[in-house]
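Hi everyone, thanks for coming. Let me put the structure up, and then I'll walk you through a few parts of it.

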Amino acid sequence: MRVGGAAVEGRAPERRALLNATVFDSARGSLRPRCTLVIEGERIATVTDEPLQVDDAARIDVGGRVVLPGLIDAHVHVVAASHDLAALALEPASLVGAQSSRILREMLHRGFTTVRDAAGADAGLKEAVARGLYEGPRLFIAGRSISQTGGHADLRPRGVRGDGYFCACAGLGLAGVIADGVGEVRRAVREQVRQGADHIKVMAGGGISSPSDPIDGTQFSLEELHAAVEEAEAANLYVLAHAYSPRAVTRAVQAGVRSIEHGNLVDEATVRVMKSHGAFLVPTLATYAALAEEGSRLGWSPAMLDKLAVVRSRGLDALRLARAEGVPVVFGTDLLGHMHGRQNSEFSLRGEALPPLELLQGATVHAARLLRQEGRLGELVPGAWADLLVVDGDPTRGLSMLAEPATGIRLLMQGGRVVRSSLG
Ligand SMILES: [Zn+2]
């Protein structure tokens, strides 16, 4: 199969049919009962509610259960084996890679057949998944994020001077490339492109985990943001920007950024600008909930926890504002270390602001559009990768089956391969 980029070796194509399936049409937002779904090799060949001869296929009767497209998490960090990003940056890359393989496998088993890595993962990890060396979601990567001096991905503690410490010699963690000025930004983007990035991540405002930046500040000059977008688009890529405040989000979107990450502090005027530019919002509520519970035990400073409290209190408001304006709200989580286990809590957290149907669209069809994978991911249509979940219950009414994926997901398929099944 192809997972993101390269062909997976050693998986013979075959013909399978899912019988008696209630297919979730993610584009229309409706259920189609009594369907047959035929898979040839790695792709979906047919979805129909007409009678169909499938004697030549390996048949799986799903008993009328709902079949969903494989889920997409559009904001993860698969290398974030630890919440301590400064320590992680100094680990040997091979060790970080080995730990990432476990994070990848667990994400897949939670139902995420594709993830967009919002910085950290490199082309080696993507290739390891594509070759089947690591079991994991299809991986779309940013390479290293790009940050100004003192920006959100500048992990140097205040006592460190000079830029040799984390910046030049970082392994496979979340330390960004430090770039100041248009020339350095262009070079940093080109370097990520050279190393196989699928999208470019810039830090356009303050962050919680970074020691020296205000959460409502802006980062990078407009010229620098424009340069990042121009270089990304030159390589047919797009830019996603970490940004919380109206000012930071507005500048990024006006510079051509396609996807706003987090965005908790947006107001009505800001979501209007996002809508008019066709931007996406990728909230990440799960990580704030996790850190609110665990942050002080994990040694986060009072200043970081103060920033956390501010953005957490506004997370659901941002979803409601974006929804009201018609800005697509895409599924993201942004979890670190052992907190990755909370990935599916994002469903119940968002459930306060979004109906289940729209939430599911954010994790399927809208996410696929953001990734520019329309028709290949996020929809159960002929030609798409055969990435799908068979679940118990009606996910258009409630998503409890995804909150407990080990039992709620009865069959998990990626690229036509049955990853696991409890259908009997
Ligand atoms: Zn992130």
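So, what distance separates the centres of domain 1 and domain 2, taken over C-alpha atoms? It's 29 Å. Before going on, a word on what you're looking at: this is a predicted model, where local features need pLDDT of at least 70, side-chain atom pairs count only at pLDDT 80 or more, and totals for chains, interfaces and linings use all residues. Residues are numbered from 1 along each chain as its sequence is written.

Now the domains themselves. Domain 1 covers 2–70 + 378–421, and domain 2 covers 71–370; such bounds come from an automatic or database domain assignment. Where they meet, 30 residues of domain 1 are in contact with 30 residues of domain 2. Contact here says that two C-beta atoms, placed from the backbone, lie within 7 Å.

Which elements give two or more residues to the domain 1 side? They are β1 (2–3), α14 (400–403), β18 (409–414) and β19 (417–421). Those labels are DSSP runs numbered from the N terminus, with helices being H or I of at least four residues and strands being E of at least two. β18 gives the most, with three residues. By class, that side has 14 nonpolar, 10 polar and six charged residues. For the classes, Ala, Val, Leu, Ile, Met, Phe, Trp, Tyr, Cys and Pro count as nonpolar, Asp, Glu, Lys and Arg as charged, and the others, Gly among them, as polar.

On to helix pairs. Two packed helices are described by the angle between their axes and the distance between the axes. Here the axes are lines fitted to C-alpha atoms, for helices over the stretch in contact, with angles from 0 to 180 degrees between N-to-C directions.

Take α6 (residues 246–254) and α7 (residues 268–277): their axes are 9 Å apart, at an angle of about 15°. So α6 is roughly parallel to α7. That label goes to angles under 35 degrees, while over 145 is roughly antiparallel, 65 to 115 roughly perpendicular, and the rest oblique. On the α6 side you'll find Pro246, Val249, Thr250, Val253 and Gln254, meeting Ala269, Thr270, Val273, Met274 and His277 in α7. That contact has six nonpolar, four polar and no charged residues.

The other pair is α4 (residues 182–194) and α5, whose axes come within 9 Å and cross at roughly 30°. So α4 is roughly parallel to α5. Val182, Val185, Arg186, Val189 and Arg190 in α4 meet Glu223, Glu224, Ala227, Ala228, Glu231 and Ala232 in α5. The class count for this one is six nonpolar, no polar and five charged residues.

Last stop, some single residues. Most residues other than glycine have a negative phi, and most peptide bonds are trans. Phenylalanine 220, however, has a positive phi near 70°, and asparagine 236 has one near 60°. Phenylalanine 220 is in the loop between β13 (200–203) and α5 (222–234), and asparagine 236 is in the loop between α5 and β14 (239–243).

Are these two buried or exposed? Phenylalanine 220 is buried, because 27 other C-beta atoms lie within 10 Å. Asparagine 236 counts as exposed, with 8 C-beta neighbours inside 10 Å. The cut-offs within 10 Å are 20 or more other C-beta atoms for buried, 12 or fewer for exposed, and partly exposed in between, with C-beta atoms placed from the backbone.
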